[in-house]
Amino acid sequence: MDFPTPGDSADLGYSLNEDRFNGSSVSGAEYILEEQVHQMSLEPLEPNSASYDCHQDQQQFAAEEYEYWNQDSVIGELTAEEIRWFYKSDTDKRWTEFNGYDSHHIEFLYRQYNQEWHQVYNEQQSNGGEGVGVKIPKHQIVVRGGMYEVDVHSWKGYSIFWPGEEFQVTRGTWFYGTTWQPVEYPPCETIEHMHLQLFCGQRLSDYADSGLSQKEVWHTEQLPEFHVDWHSPKDVFLHNETAPSKLMRSVTQKLGFQKPTGCRLMRGYKTPALATDSADRITDITHLVFVIHGIGQKMDIGRIIKNSNSFRDCVTWLQNKYFPNSTDRPEFFPVEWRTSLKLDGDLVSAITPLHLEKLRSLLNASAMDIMYYTSPLFGQEIQAGLCVELNRLYSMFLERYPNFKENGGKCSVVAHSLGCVILYDIVTGWLPNDPMACLQKANSSEGREEMLKKSGLLFEIENMFCLGSPLSVFLALRWKDPHEPENHDKVLPPKLCKRLYNVFHPADPVAYRLEPLLVKAYKTIAPLTLQSYNASAKMPYDLMPLEPIQTESIYLRKMASAGDYSERDEATPEPVNSSIPSPPTPSRDRWSLWSLMRGGRRSVQAEGSHEPIVKEGSGSPTHHHENALRGLEHRLDFVLRENQLATSYFAALTSHTAYWENYDVAFFILTRMFPQLEQEAQLPTSFVDGYEPESPPEFCG
């Protein structure tokens, strides 16, 4: 697709300002641009001008009810408020609009760039077409909350912090009335040029709407794939030249229908883009979240960027829906550590037999990462690759946001699969190439301090979210008695993070639990179930009762009984080695009425103590088992809600990657990073009254 440029200028490789964020989150050049746009927006406007009318009305109109903001306004060139810029990646089918604040600034920079180019072009022409040695700055502007830059010369956008993400941008002047998607370039420029030739300088009030059926076509503009008919300045219709569209038009004309059958086009976007609209301006980042991938990244390069974008969209939708007044802003940085590593230099690929080549290549690109990391030759190289990338992103972020730490900014990590193990080893100083030396150091306080000092990270981890993590099984193979109380600080040292959350899908074959690793008695206690993001009432996780675990056979029997939990199958055995009286088949996807009525076994934090105290009810366990459950300051294991396919083998194939588009996981992580939001987690009144809330975007898992 060819994008519009003022001309074929020579070298435009000059950066607008290399020191963009010197002392603040906005660069000096962007600050000057922002002031210019602000002054432009505050200039006195004529009462009948289009700009004046744009400021008077920000209401969205449906296509059939669309009207220009002032019927007495004079038709002229579109203002910056009426134009809307859009973006989309190569895989997207639809354009996504920039918010009004970003769009207005992009449009102003675009006009400034055009003006500078024409000035240089005229100077060159006055010198006989020869260059005069003047370089036009490469006009870039930071958009989308400071995470991306748009270059108005190339009509492309790029991610600032991580490589590999690029998208197209387009300038919307004419829009399809049914979807408000922009008519792409170059047809939109042709339509706009012809529209101004027909009606420039005239008033809209001169064209009273007397009904489309009575209007004749004033002008028809033929384009390669469609033609456009003008019935009036407001009534412009696009007709496709495809065979089905032509057949439909001929049939309607023969039947005597005079009303246009094409798609109505709208000039100017449905809502004005205002540079002074603070609601559109994204707040500064208050919580930086690094998203670390696991195995298989080499198989699908760029997948972690897509996953991070999906998760960011989930969190943004939830925050706008349920916490619209929140000033907190998390930002998710994808951390891609695999593709930059050389490792064996494709030696494994050279020794791979050609029989079943696709299957073997799939295994080499995914499961082989585990073998690489456990290898004494390549494990430390993988650690260094991840550590360097994390520090690079963090340092680059601080260069642009130097006041982040002073303003109370925090850093958390969302690690998936093998990424959890690598991050754990980086922070704790574990070296895969010398495990015996690490064990010897870990058994002494001086050695542990030495290992922890080797952590190469430039930041402290506030929350560590492990998704589908095999960390527990790695630790089980490293430590002989990890469940002994004196080994708890060795297995999970306090410096690792302030809070650790192990989140897993019930059918994820790669994920393992952490709690039974530290306290054996927790093998009979079910992990906490993530509550639905749109649940009508949410119980704080710290107050959730301890529930006895269900075996897979119990769960399958309950699913087969279509949710009848009132009857107990006498043939179903009790959980093995459990001294907890089993309730009458309690449900794990909703709170057990039996647990709440019996007083429950609630884990309550004792004042001045780090151990949970178990309240005794009528069905409480023995004192011996109660003591066995002590030793965990907080619950660590959290499981996604089960459904009818949760225990199937089909679910096992997809569950390991099911976290990125799951709104329950997104809501959980959002409210863990900002605990004050958990208290505000209330649904709209319409849902409480029995109406379903607005559905999330289509990519919801």
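1. α20 (649-654) contributes the most to the lining of the second largest pocket, five residues in total. Helices here are DSSP runs of H or I with at least four residues, strands are runs of E with at least two, and both are numbered from the N terminus. Keep in mind that this is a predicted model, with local features needing pLDDT of at least 70, side-chain atom pairs counting only at pLDDT 80 or more, and totals for chains, interfaces and linings using all residues. Residues are numbered from 1 along each chain as its sequence is written.

2. That pocket holds about 990 Å³ of space. A pocket is an open set of points on a 1 Å grid over the protein atoms alone, where a 1.4 Å probe fits, with protein on both sides within 12 Å along at least five of seven lines; lining residues have an atom within 4 Å of a point. The volume is the space filled by probe spheres set on the points, which are joined across faces, edges and corners.

3. Of the 41 lining residues, Thr654, Ser655, His656, Thr657 and Ala658 are the closest to the centre of the second largest pocket.

4. Now the backbone. Going from Tyr185 to Pro186, the peptide bond is cis, with omega near 5 degrees. Pro186 sits in the loop between β7 (174-176) and α4 (187-199).

5. Two non-glycine residues are worth a look for phi. Arg144 has a positive phi of about 55 degrees and is in the loop between β3 (140-143) and β4 (148-151). Trp155 also has a positive phi, about 60 degrees, in the loop between β4 and β5 (156-159).

How values were computed:
Heavy atoms only, no water.
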